[in-house]
Amino acid sequence: MAEQKAGEPRGEMLYGALDMLILKALQLEPMHGWGISERIGQWSEEVLEVNQGSLYPALYRLKRAGWITSTWQVTENNRRARYYALTADGRKQLAAELRSWQRLSRAIDIVMTMKPA
Amino acid sequence: MRNLWTRLRSALRLLAGWIVARREDADAREEMRFHVDMQADKLQRTGLPAPEARRRAELAFGGVTPWAELARDEYRWRPLDELAADVRYAARALLHVPSFTIAVVLSLAIGIGATSTAYTVIDRVVLRPLPYRESGRIVSLWTNDHDRPTEQGGSSLPDYLDWVAGNPDIEAATAFNVWLPLLGGDTPRPIAGVSVMGDYFRVLGTQPILGRTFSPEEMANPSARVVVVSYELWQRELNGDAHALGKHLTLTGIVYTVIGVLPSGLRDPQRWTAQPSDVWRPVVLPPGARQRGTHFLRVLARLRPGVTVEQAQLHLTGIATRLSAEYPRSNGNRGVYVLPLQDQIVGPSRTLLLAALGASLCVLLIACANVATLVHARQAVRAGELALRRAIGAEAGRLVRLLITESLLLGAAGGVGGIAIALSATGLLRRFAPADLPRAEEIVPDARVLAVVLLVTLATVILFGLRPAIVGARTDPGLLLQDASVRHTRHGRARSVVVSLEIAMALVLLAVTGLLTRTLIHVNAQPLGLDADHLATFRIAAPVGPFEAAGSYDAFVKRFTAELLREPGVIAVVTTSEGLLAGGNTTFIAGSPGEPHDPGIDTRVNTVSAGYFAATGIRLIEGRDFTAGDSARGARVAILNKSAAALFYRGENPVGKQLLHYLGDKTPSTIVGVADDARLDGPMAAVRPELFEPEGQASWGGSGNFLVRTTRDPAAILPAITRVTKELLPGAAVSDARPLTDIAARFTVRQRFYGVVFGAFATIALVLASIGIYGLVAYTVVQRRREIAIRTALGASAGRVLVRFLREGVVTIGLGLGVGVFATVAASRVVRSLLFDVSPTDPLAIGGAVAVLLIIGVAATLIPAIAAARAPVVDVLRSE
């Protein structure tokens, strides 16, 4: 796990986008909780560090909303783990969230790169 | 729409999650531990030693338990969670003070149970209409006497016909009489039935569920031998067969055809037999029945819509007056009394049941008052604890919720207890109600009533518990922790007023119980006039056939008597037509032969066998008993009882005089004796004039009741009676065999029933009031223990401290007793109908109740006071 460096974006900023990241992580294939956290970490080149415990309330929330489902399965190491998968509604939600994220980030981008007149 | 569906699914998931919470919890934890394990493994692979890897992994995760708790919100319903926690906490807190909890729950349960039961009984028995169609229009018509306008005497056939013929007020009318046949051929069983004439079923508004009722031809010709049966008999004897119509029933040896089945639950409205009626037939008129002076019918009528009872009474009185003028001998003093059926069945009980309801409300009030003060006191005591909690940071709202939960738990427990009590009490009442408590079988607890009473008591608990709770939760903790003796004094005064009222109510209930007890004692001391302790009574009923085989009824009785006399302990066997509580309302107009125009006197005629008076122990004042010589062939003789002799002959010795027994009687009899009055209707009823005829000279029906005098316990003779009957008459049945004392007990059944009811209420009230007094004094003592300790330290003796508290307690008790005595004098009037020879303000009963309450009250005051006086002074002062 990368050490927190001064000036780098902190993990807490992640919270608002956590749901979206989880859905994205599951877009490819079903995965268990630890796998999701690893994947997000890998993809973001360790920039985004998911505070590992906070993943689970988010997962349950997404399950309650009907965007992911879960099943208990056995891993390659013969251990029992709960795997999560996107539902059809989940995919639609992911697309929707992506769109609004893009709109948001473009707006922030415009504001932040604006040169003072 | 999709949003709604999603939200619904989400809510259901939450609920489901809450229900399967444990499983979900375990799953979540397992999942999280897996995560931590995987992370630890990963760190190990980077070269860290195992314990260090695990430590880092757990640190990074942030701890399974806290995350599991947070995660719980996502799959469980939080408010329910909190509620569960509150309930568990409240339950623990309550269990910590068991005496308080038990006292409150018990008080609530008793209050709720007693009131619900009493109200259910009132509602079912008094308030609900009878189970007949438009039962408000059904009235009974009784023959009365001008001197006794509310007398309920039987009516004669000609009178009945004259009353109803062409009467515009009456839609339908019927007359009927009791019928006691034996059902079955081989082993006959006595059942109850009704012989009817007129429009019986139309008056009641009952339609048969199978078949039909009697046609006019069948009514006119009773030899048609048809019957209508009850639903219960149809189920029992005919197996509920849908093709039961046309089947045959053997009743007292005669074969009847079933033509109809009545709906279930139909009870005959007069209920003068203990068994409900099972068969109805067209009336069979015995000889002499057409006489105007033979009063043997009961009459019911259905009034036309819009006709009031007063109107009907007016018109009928007019008709009766006309009849009086036309037939002075039979109808001279007589009129007609119209009584609505509802009042007939329920009337005598109405006041008493309302009194019982009042008693239960008293109990409820006392219970609520006790609970209120207990709860209030407890919350006041906990003010300190609440203040402390507030001081260390608990939210006020949460505290209030906790206290409310406690009150709700108490209320719920009390409610459950109350429901249990109501259910068992109504069950007991259904089984053990006195025979004259009408519609007892309909007493089933009313859910509505239970709910109302429950709410009322719950409101009490919450209200009284809530105020100090809110005060405790909102007020600045510092203030609360100070000594607030002023508040306590004000509350203490209110409490003592409440306790006084409790005592007053307990006094009323105790006094009423005392009145009933005294009545019972008086009644039991009243002589019946005959030797009930050594007599057993029974009836033998058999179809005609077996009697004929035995020669004749008389021949059978001779042989039977002879056989029975051979049994050890049997002294005499006699027969009578009017037994204790076994007679009907059949009376005849007897009169002296010389004065044909004087109104005759309604007398009860008792046909008895020779030696009747010797056997029963009834004293003969003049003349002699009947002997074997007074038979059908001998001269006609009669014996009068003392009341009849006084009415007829006013002081003269009637022996030797002549008498006609009924209107139309051609042969006068000679009076050969006068017997002392025997109270066949019970020690509390007026004695009727009675005329005795010897067996062979019966003018009405035969005598069916046997009386056996024994040397030993009459109950011991009963098996012998059955045996001898079976030997002599295999097809016969012995019915109603019991010692005479059993029947005599039935006279006081109402007193005993209400005595038990009021006694129960009084005991409960007493216990609750005692708890109230004790609590009050104990509370005051606790609040003022500093004061006591200081006084004792300054030199006051224990005795003087005691006297102080005693004085306050006695003032409360005295006030309560004073109010109570007034209330008793006002209220005890309601049980007047039950009292015999005892005034409703009987000083012994009231004085006794006062004494009991005084003793218990003083004891309840003394105990905590003594404890207070004994408390070591130093300890008390030190603890402050």
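## Two loop residues of chain B

Pro568(B) lies in the loop that runs between helix H19 (553–565) and strand S15 (570–576) of chain B, where helices (H or I, at least four residues) and strands (E, at least two) are DSSP runs numbered from the N terminus. The model is predicted, so local features need pLDDT of at least 70 and side-chain atom pairs count only at pLDDT 80 or more, whereas totals for chains, interfaces and linings use all residues. Residues are numbered from 1 along each chain as its sequence is written, chains are lettered from A and ligands numbered from 1 in the order in which they are written, and side-chain values use heavy atoms, with hydrogens and water left out.

Pro568(B) counts as exposed, at 55% relative accessibility; here buried means under 20% relative accessible area, exposed over 50%, and partly exposed in between (1.4 Å probe, protein chains only). Leaving aside neighbours within four places in sequence, Pro568(B) is in contact with Arg712(B) and Ile717(B), contact meaning heavy atoms within 4.5 Å. Between Pro568(B) and Ala720(B), which are 152 residues apart in sequence, the C-alpha to C-alpha distance is 9.6 Å.

Asn167(B), by contrast, is buried, with a relative accessible area of 6%, and is placed in the loop between H7 and strand S3 (170–179) of chain B. With neighbours within four places in sequence left aside, Asn167(B) is in contact with Leu316(B) and Ile319(B).

| Residue | Relative accessible area | Class |
|---|---|---|
| Pro568(B) | 55% | exposed |
| Asn167(B) | 6% | buried |

Helix H7 (residues 157–164) of chain B is mostly covered, six of its eight residues being buried; these are Leu157(B), Pro158(B), Asp159(B), Tyr160(B), Trp163(B) and Val164(B). After H7(B) comes Gly166(B), which has a positive phi near 65°.

## Chain B as a whole

Chain B has 28 helices and 24 strands, and buried residues make up 49% of its 880 residues. Of the contacts in chain B between residues at least 6 apart in sequence, 81% join residues at least 24 apart.

## Sheet and helices of chain A

Chain A holds an open sheet of three strands in the order S1-S3-S2, with antiparallel pairing; two strands pair if DSSP finds at least two bridges between them. Strand S1 (31–32) and S2 of chain A stand at the edges with a single partner strand each, so one side of each has no neighbour in the sheet. Strand S2 (residues 68–74) and strand S3 (residues 80–86) of chain A pair in the antiparallel sense over seven bridges. In S3(A), Ala85(A) is the bridge partner of Thr69(A), and Ala81(A) is that of Gln73(A). The hairpin of S2(A) and S3(A) has five residues between the strands, and Asn78(A) takes a positive phi near 65° there.

The axes of helix H1 (residues 18–28) and helix H3 (residues 55–65) of chain A come within 10 Å and cross at roughly 75°, axes being lines fitted to C-alpha atoms, for helices over the stretch in contact, with angles from 0 to 180 degrees between N-to-C directions. H1(A) is therefore roughly perpendicular to H3(A), a term used for angles of 65 to 115 degrees. The contact is made by Leu18(A), Asp19(A), Ile22(A) and Leu23(A) of H1(A) together with Leu55(A), Ala58(A), Leu59(A), Arg61(A) and Leu62(A) of H3(A).

Terms used
Parallel < 35°, antiparallel > 145°, perpendicular 65-115°, else oblique.
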